[in-house]
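Please look at the sequence and the model before reading the solutions.

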Amino acid sequence: MSTIGKNKPTRVYRKKKPQEANILLTTASAIINHSQRSSLMPLTFGLACCAIEMIATAGPRFDLSRFGWEAYRATPRQADLMIVAGTVTNKMAPVVKKLYDQMAEPKWVIAMGSCAICGGVFQTYSVVPGVNHLIPVDVYVPGCPPRPEALIHGFMTLQMKIDQKRNFSVSPVKVEPGFRGPTRKEPF
């Protein structure tokens, strides 16, 4: 029989001071912006060769999942981000507009590639000269086709834009000491 360790007293570790409570001071707008920027749900919508680069961005080499963007949605009702990747023709324009209208609010658009931004090298009657003629675009990612790193930079630019958004219409007013309220310029 071994007696090693049997004669040692049992040690009880106690904290010297009580655990302190944590306090977080922020605004409601900052919380809303942080939750919106951290949960972007892109719509799977590729029109041309830029879509291959968009698909490669979701692969293991570039790994969009570390940012929380890996969940590409197949339906516009579950998406809040449309990445227009490729040439938009006049025949496809009503479909792009309809998909944009079906997306949930708030919604954002990234125009990916030269064709989506300005029509690209296809300056013909059947090509829309930029998707901004159909829907409002938030971020432009140039290139023919743009690299996956450029699309990730576009995502991060959109995140910065979301962070700067104001969610409430009333802005706080700085009140000086001795302020007695608004004054009327004209009498009743």
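**Exercise 1.** Does glutamate 105 count as buried or exposed, and at what relative accessibility?

*Solution.* The model is a predicted one, in which local features need pLDDT of at least 70 and side-chain atom pairs count only at pLDDT 80 or more, while totals for chains, interfaces and linings use all residues. Residues are numbered from 1 along each chain as its sequence is written, and side-chain values use heavy atoms, with hydrogens and water left out. The classes are set by relative accessible area, with buried meaning under 20%, exposed over 50% and partly exposed in between (1.4 Å probe, protein chains only). Glutamate 105 has 62% relative accessibility and therefore counts as exposed. Its salt-bridge partner is lysine 107, with the closest N and O atoms 3.6 Å apart, and lysine 107, at 15%, counts as buried.

**Exercise 2.** State how many salt bridges the rule gives, and describe the one that aspartate 101 forms with lysine 97.

*Solution.* A salt bridge requires a side-chain nitrogen of Lys or Arg within 4 Å of a carboxyl oxygen of Asp or Glu. Applying this rule gives five salt bridges. Between aspartate 101 and lysine 97 the closest N and O atoms are 3.4 Å apart. Both residues belong to helix α3 (residues 93–102), where they are four residues apart, about one turn of the helix; helices here are DSSP runs (H or I, at least four residues) and strands likewise (E, at least two), numbered from the N terminus. Aspartate 101 is partly exposed at 45%, and lysine 97 is partly exposed at 34%.

**Exercise 3.** Locate the two partners of the salt bridge between lysine 161 and aspartate 138.

*Solution.* The side chains of lysine 161 and aspartate 138 meet at 3.4 Å, N to O. This pair links distant parts of the chain, 23 residues apart, with lysine 161 in helix α5 (residues 148–163) and aspartate 138 in the loop between α4 (114–118) and β4 (139–141). Lysine 161 is partly exposed, at 40%, as is aspartate 138, at 24%.
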